[in-house]
Amino acid sequence: MMGLLSLLRKLKTTPDREVRILLLGLDNAGKTTILKKMSSEDISHITPTQGFNIKSVQTSGFKLNVWDIGGQRKIRPYWRNYFDNTDVLIYVIDSSDKKRFEETSIELNELLQEDKLNGIPILIYANKQDLFNASPASEIAEGLHLPSIRDRSWQIQACSAISGEGLKEGLDWACKNIKPKK
Amino acid sequence: MSTNKPKSVLPSWMRFQLVEDIFNYAVHSVISLFSYYFTLILKILLRKCTGLCELQRICYKTEKGAQRSLEVEKCIYSSRRKVIRRICEKLDDLAKNGRFNSNNTCEVVRLVEHAVEAICVEKDIKPSIHPEFVTAMRICFLQIYGYKNLQHEIDSLRSIPFDSTNQEHEEKLLLLWKTLNPDYPLKSRVTKQWTEIGFQGEDPKTDFRGMGILGLENLLYFATNFTKTARCILLHSNHPSHGFPFAITGINLTYIAFTLLNNNRLKTHFYNSHFGTTCLEDFHRVYCYLFYTFDKLWIEEKPKDVMEFSYIKEKFVCNLNTELEKHDAILRWNPPVEDI
């Protein structure tokens, strides 16, 4: 009986589309914390990411396979190994680390010029908004010259990975802007 | 007159599910009730035949170490007797407050003595006739609550974030550099040189993250107590193609050690190697073992680049879990002679 019932239940729902999301940004931007928060895991024991972490997050109609790649300068050259078949790029910025805005802007611009990421929608998380010295998302958008992006859809979302505020809004935007499969 | 039919709200397949769940629940409760009475009768029979209670039978049939202490722990925590429950609660509380500390020997001995006496009275055991039982229970209590105490101590260290305005933290960080790189002084506090010992950027303060000051304490213990080994691993870690970042790996190893302690996997190691309470230094030593064996595994695996870290880390944890599942597990390593 068990087998029959589970079969019936499976027939009821159509399989969700699998989406590949790439999570990039400088070290200490909060990528792993965002990843863990998205999959409702404990975020109090985070360590710096060597290599990468992958998690599947279920949202309405989509199965998001999120790849979180370490952001340390030494491993940034390996980012390109993960570009293939990416549906959405999420770029994370530590809004409170003004000293490194220039560095993060350079890295972002290089990503935007990558052929393999051509035309792929980009979501920018202006993270750590819970900190008192965080810059507002609008200011960061100006600083990164986001309004001059013409070749793809983009969005900047203020968020706090620790409280989870803003994460869902960002993901909703990402899901709406995924290009249909060719 | 219309009556509400709640059943019609549910789709038919869910109604089946409900019936199925109720059936499963009923079967489950009958089985567990039966097994409860079965074990109870078995225990009474064994007690009558051997004249020994379950705790005594455990202590007499096993050698001191993980097997005995784990069984005793399971036995006292599943006991329904009020006295034993109270003892467990009381000792749990004391361990949470850090009282089962090796610096607190007098009080610990007194506490354990009380607990063993209470158990002897409750179970009607004469200490003069069963001195081995008393000794065995003393060791078990020291191990069980020493471990809990250590869990608590480690977690409180972990929850102190690294703070660059705290002079003590800063001094420890600088000492780490000096110990690993005595010939090359730091040019300034914020410098790219930190990446040479495997921090991510110019300032290590953001690298400790969720492991807090525990991550730094672990690294510093390894570097000061096993300096030769640490420097040798640092040398491996700076290999241009087969390298790995030393300090960041260290912080990830702190996480592994912390997780193993918290999910009770380290019990076998500690119960087999320490016949008293455990202290912070014992945890540091486990960490040193992890660093040493991780480096060995990394070299054996010959990764093509650092992106294979995730895979090697997973394999490393898997190996550790298999090792620690054995009843006679002890994490032992042989540091080079100069380091002893």
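Biologist: What volume does the largest pocket have?
Modeller: This is a predicted model, in which local features need pLDDT of at least 70 and side-chain atom pairs count only at pLDDT 80 or more, while totals for chains, interfaces and linings use all residues and side-chain values use heavy atoms, without hydrogens or water. A pocket here is an open set of points on a 1 Å grid over the protein atoms alone, with protein on both sides within 12 Å along at least five of seven lines. Taken as the space filled by probe spheres set on those points, the volume of the largest pocket is about 1,600 Å³.

Biologist: Which residues lie closest to the centre of the largest pocket?
Modeller: Residues are numbered from 1 along each chain as its sequence is written, and chains are lettered from A, as ligands are numbered from 1, in the order in which they are written. The lining of the largest pocket is made of 48 residues, each with an atom within 4 Å of a point. Those closest to the centre of the largest pocket are A:Asn28, A:Asp94, A:Lys128, B:Thr206 and B:Arg209.

Biologist: Which element gives the largest share of the lining of the largest pocket?
Modeller: Elements are DSSP runs numbered from the N terminus, with helices (H or I) of at least four residues and strands (E) of at least two. Two or more lining residues of the largest pocket come from each of strand 3 (62-69) and helix 2 (31-38) of chain A. The largest share, three residues, comes from chain A's helix 2.

Biologist: How many residues in the lining of the largest pocket are charged?
Modeller: Asp, Glu, Lys and Arg count as charged, Ala, Val, Leu, Ile, Met, Phe, Trp, Tyr, Cys and Pro as nonpolar, and the others, Gly among them, as polar. The lining of the largest pocket has eleven nonpolar and 18 polar residues, and its charged residues number 19.

Biologist: Which element gives the most to the lining of the largest cavity?
Modeller: A cavity is a set of grid points where a 1.4 Å probe fits but cannot get out, and the structure holds two cavities of 30 Å³ or more. The largest cavity holds about 70 Å³ of space, and its lining includes A:Leu26, A:Asn28, A:Val92, A:Asp94, A:Arg100 and A:Phe101. Strand 4 (88-94) and helix 3 (101-112) of chain A each give two or more residues to that lining, and the most, three residues, come from strand 4 of chain A.

Biologist: How many residues lining the largest cavity are nonpolar?
Modeller: The lining of the largest cavity has two polar and four charged residues. The number of nonpolar residues in this lining is five.

Biologist: Which element gives the largest share of the lining of the second largest cavity?
Modeller: The second largest cavity has a volume of about 40 Å³, and among the residues that line it are B:Leu142, B:Gln143, B:Tyr147, B:Phe270 and B:His274. Two or more lining residues come from each of helix 6 and helix 11 (267-273) of chain B. The largest share, four residues, is that of chain B's helix 6.

Biologist: How many residues lining the second largest cavity are polar?
Modeller: Four residues of this lining are nonpolar and no residues are charged. The polar residues in the lining of the second largest cavity number six.
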